[in-house]
Amino acid sequence: MNGIRIDLDFRRSDFHLVVDLTLPSDGVTAILGPSGSGKSTLLRLVAGLERPERGLIQVGEQPWHDSARGLWVPPQKRGQGMVFQDYALFANMTVAANIGYGLPWRGRKRIVFEWIERMDLNGLETRFPHQLSGGQRQRVALARALAREPKLLLLDEPLSAVDTDLRQRLRDRLLAIVATLEHPVIMVTHDLVETRQLADRIGVIVGGRMHRFGTTPEVFDDPGDLQSARILGWRNLLAVRWMQTGAVGGDWGRLALEGDPSPEIAWLGVRPEHLRIADGGVQGLDARAVRVRELGAIRELQCRLIDGTPLYVHRPWNEPVPAPGERFRLCFPVQHLRPLIEGADRTRIAGHRPAARQQEVERFGSGPPASRRQLGDRQAKSA
Amino acid sequence: MDAQEGLDLTPVWLSLELAGVTVALLVVLCIPLARWLARTRSPFKIPVEAVTALPLVLPPTVLGFYLLIFLGASGSAGELWTRIAGHPLAFRFPGLVIASCIYSLPFVVQPLQAAFEGLDRRAVEASFTLGASRTRTFLRVVLPGIRRGLITAVVLGFAHTLGEFGVVLMVGGNIPGETQVVATAIYEYVYILDYDSAGVLSAGLLAFSFLVLVLVYGANRRWHAELRL
């Protein structure tokens, strides 16, 4: 096996994390999720800083943990590199001592000075962490982790400890460093820009369950469920109340889909850049403009559909948009509409569909809109 | 001045020896205890904390009384010791060390516990992920991380043992050359109205305590780890 296999079951009081992932042996995997979703715990489990009840972690040919065989490799022996959220530099050691900490005695000096050179830390060798800027600390932490040539690099929110101004510069530098690495990287983050720029693959984790996993364009383009969509920055979400052959609908109107809708669809998502102000020929819904914001190269039009659903439309800065208060026709290109399921565990939904839900689906299948009671149920669920 | 010429310095050396041995033993014992207290979620934490803090609130004579019973010839520890060594623990230097360890325990445990609570756990974990063993992590990351607490613990433990009176008098019995320390010697000089000797010893104790505190706090402020490559 060349890639990384992570299959874990971890419980701590009322928190339960279940993950089963197989990653290729190179590239950057970003684990996205809200606070408390278990993304940092996942990283700590892979690093061996926490021990799960049941687990299998295999990196290449080397098993790090296999509870079935009673095998456990302590973090000291895993040959990984980890960059902590606040860098966790050794406050009592200089930059050079920090970088050299994990290195064998022989050749230590040479490797340290290579990394000092590579990370542009010249002249800072004898400084202590408290004498460094945020960016310099990040570079020291990266150098310290990379100097050991780890088989796997783990990054825990690598840019969260720096302010916005510095972020873009550090992101670029991180991108440049990560691009040169031959080993795989797992990065935990909740920063979408960071993810888009750095990650080859994304895993979306919510409530201890991996909701979505795929390549970065795939996942950003089709989140799959409501919670993943929200985490991935999707703001245009339409509650689906009924469905029929080739179309779904709600209090906002009716929209045709490519193919027949799955009975699991609970929401419809569309990215702001894919919405058009009516120019005929495409299906549309009535909307009213609320506000226009200039965002540099684009304009953001905030509008509401007839049932009050808020939507955001991104258009180029030089394209005319309706003025606030104006009514207009908003167009939804069918190829950009993404059906979303409610957002519970996908495997659970696929395996055991609740009976009540099935009935609801059958009613939907016959065409007429659902009763008010069913609508109320669904609204309560989505809330 | 006559009194000074004939001043017996044995209590001074005995005090220093007692404080040194006590602090050394306490540091070794209290590092694991303080680490456990700082990290545990066990229901035993509160009772253990209360027991270690007892010497802070108990009158020294009460503590000394129980220790005298416990360490004396008919006490459980004293009896065992008598069988091994041929004499009881009470009124001997080893008994004094045990009593001092118990009496000074909170002064060593509490700063260490606070230091462990403030220790950067991530730095310890970072050390593990960098392949360092537990021993190396303890020496290079944990010890420097708790050094302020450790210094405070050593200073307080040493000074407190040096100045203890009640427990030493109860358990040690103020036997010259055996268990008479500076504090009890001062008491005896005052008792026999030798104010000059009492004054010299008191001034010495005051100056020594002050000097130790100044040196340790001063060193603590300027202490930086050396670059080790």
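**Exercise 1.** Determine how helix 4 and helix 6 of chain B are oriented to each other.

*Solution.* Step 1: helix 4 (residues 60–71) of chain B packs against helix 6 (residues 93–118) of chain B at an angle of about 135 degrees, and their axes are 11 Å apart. Helices (H or I, at least four residues) and strands (E, at least two) are DSSP runs, numbered from the N terminus. Axes are lines fitted to C-alpha atoms, for helices over the stretch in contact, and angles run from 0 to 180 degrees between N-to-C directions.

Step 1: angles under 35 degrees count as roughly parallel, over 145 as roughly antiparallel, 65 to 115 as roughly perpendicular and the rest as oblique. Helix 4 of chain B and helix 6 of chain B are therefore oblique to each other.

Step 2: helix 4 of chain B contributes B:Pro60, B:Leu63, B:Leu67 and B:Leu71 to the contact, and helix 6 of chain B contributes B:Gly95, B:Ile98, B:Ala99, B:Ile102 and B:Tyr103. Contact requires C-beta atoms, placed from the backbone, within 7 Å.

Step 3: these residues comprise eight nonpolar, one polar and no charged. Here Ala, Val, Leu, Ile, Met, Phe, Trp, Tyr, Cys and Pro count as nonpolar, Asp, Glu, Lys and Arg as charged, and the others, Gly among them, as polar.

The model is predicted: local features need pLDDT of at least 70, side-chain atom pairs count only at pLDDT 80 or more, and totals for chains, interfaces and linings use all residues. Residues are numbered from 1 along each chain as its sequence is written, while chains are lettered from A and ligands numbered from 1 in the order in which they are written.

**Exercise 2.** Describe the side of chain B that touches chain A.

*Solution.* Step 1: chain B supplies 17 residues to the contact and chain A supplies 24 residues.

Step 1: helix 7 (121–129) and helix 8 (134–145) of chain B are the elements giving two or more residues to this side of chain B. Helix 7 of chain B provides the largest share, six residues.

Step 2: by class, this side of chain B has ten nonpolar, three polar and four charged residues.

**Exercise 3.** Locate A:Asp120 and decide whether it is buried, partly exposed or exposed.

*Solution.* Step 1: A:Asp120 is in the loop between helix 3 (108–118) and helix 4 (134–146) of chain A. Although not a glycine, A:Asp120 has a positive phi of about 60 degrees.

Step 1: a residue is buried if 20 or more other C-beta atoms lie within 10 Å of its own, exposed if 12 or fewer, and partly exposed in between. A:Asp120 has 13 C-beta neighbours inside 10 Å and therefore counts as partly exposed.

Notes: Contact = placed C-beta atoms within 7 Å.
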